[in-house]
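Biologist: I'd like to go through this one slowly, asking where each label comes from. Could you put it on the screen?

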Amino acid sequence: MLESELKIIEQEVRNCTKCPLHRSRTNIVFGDGNPNAKIFLIGEGPGFEEDKTGNVFVGKSGKLLDKILEACNFSRSKHVYIGNIVKCRPPENRKPETVEQAACLPYLEKQIELINPKIIITLGATALQGLLGENLKITRERGNWKLWMNRLVMPTFHPSALLRNPNLKKDTWEDFKKVITKYRELVNSEHFCKHF
Ligand code: SF4
């Protein structure tokens, strides 16, 4: 039922021409993971590899994200679902425009509503601003729990920022430790993590 409802939205996205990004896409990147997951990760939008394959968070950033999740003892297939603020790749990997984000956000909102996660993690400034407000600064807001539609949101850095600046890894790990603590509180008190 849940999966078929997600498929219906995915089909809508496949046919979507609501913003100019549809013109240059090769594939939409709808999102992936466990539809019953309690953690929903939000990135910015598809990059080159994602556009080519239709898969979310592949390439270098995706590999780093996998490592972070693994360090938390979360797996993509079991513990999380991953989506993006926009479903089509912005040309040259530019930041999606505000109007593009606004056009695409209802799809993400529907995904979140259906998946019904306990915890949302925004990865990077665009995901934070796209969900919670344009004026928010990632450097100020990261690591602090926020509320969006009565759901808990943890803003943290995007893996691509960590690739550019490895000094951000320490703060990112602190943010994910807060997520692990919350996950134990809300979902599974016995969630094991050998690092924390
Ligand atoms: S980015 Fe979103 S709103 Fe824009 S065309 Fe793609 S699916 Fe539609």
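Modeller: Let's begin with a rule: two strands pair if DSSP finds at least two bridges between them. Helices (H or I, at least four residues) and strands (E, at least two) are themselves DSSP runs, numbered from the N terminus. This is a predicted model, where local features need pLDDT of at least 70, side-chain atom pairs count only at pLDDT 80 or more, and totals for chains, interfaces and linings use all residues. Residues are numbered from 1 along each chain as its sequence is written.

Biologist: How do you know that strand 4 and strand 6 pair?

Modeller: The rule asks for at least two bridges, and strand 4 and strand 6 (residues 151-156) have five, in the parallel sense. One of the details: I119 has L152 in strand 6 as its bridge partner. Strand 4 is also joined to strand 2 (residues 39-43), again in parallel, by four bridges.

Biologist: Why is strand 4 called largely enclosed?

Modeller: A residue is buried if 20 or more other C-beta atoms lie within 10 Å of its own, exposed if 12 or fewer, and partly exposed in between, with C-beta atoms placed from the backbone. Five of the five residues of strand 4 (residues 119-123) are buried, so the rest of the structure largely encloses it. In a regular strand, side chains alternate between the two faces of the sheet. In strand 4, I119, I121 and L123 are buried on one side, and I120 and T122 on the other. Strand 2 is mostly covered too, with five of its five residues buried.

Biologist: What makes helix 1 and helix 4 roughly antiparallel?

Modeller: Angles run from 0 to 180 degrees between N-to-C directions, and axes are lines fitted to C-alpha atoms, for helices over the stretch in contact. Under 35 degrees counts as roughly parallel, over 145 as roughly antiparallel, 65 to 115 as roughly perpendicular and the rest as oblique. Helix 1 (residues 2-14) and helix 4 pack at about 175°, with axes 10 Å apart. Helix 1 and helix 4 are therefore roughly antiparallel.

Biologist: Which helix gives the largest share of the shell around the ligand?

Modeller: Helix 4 (residues 98-115), with three residues.
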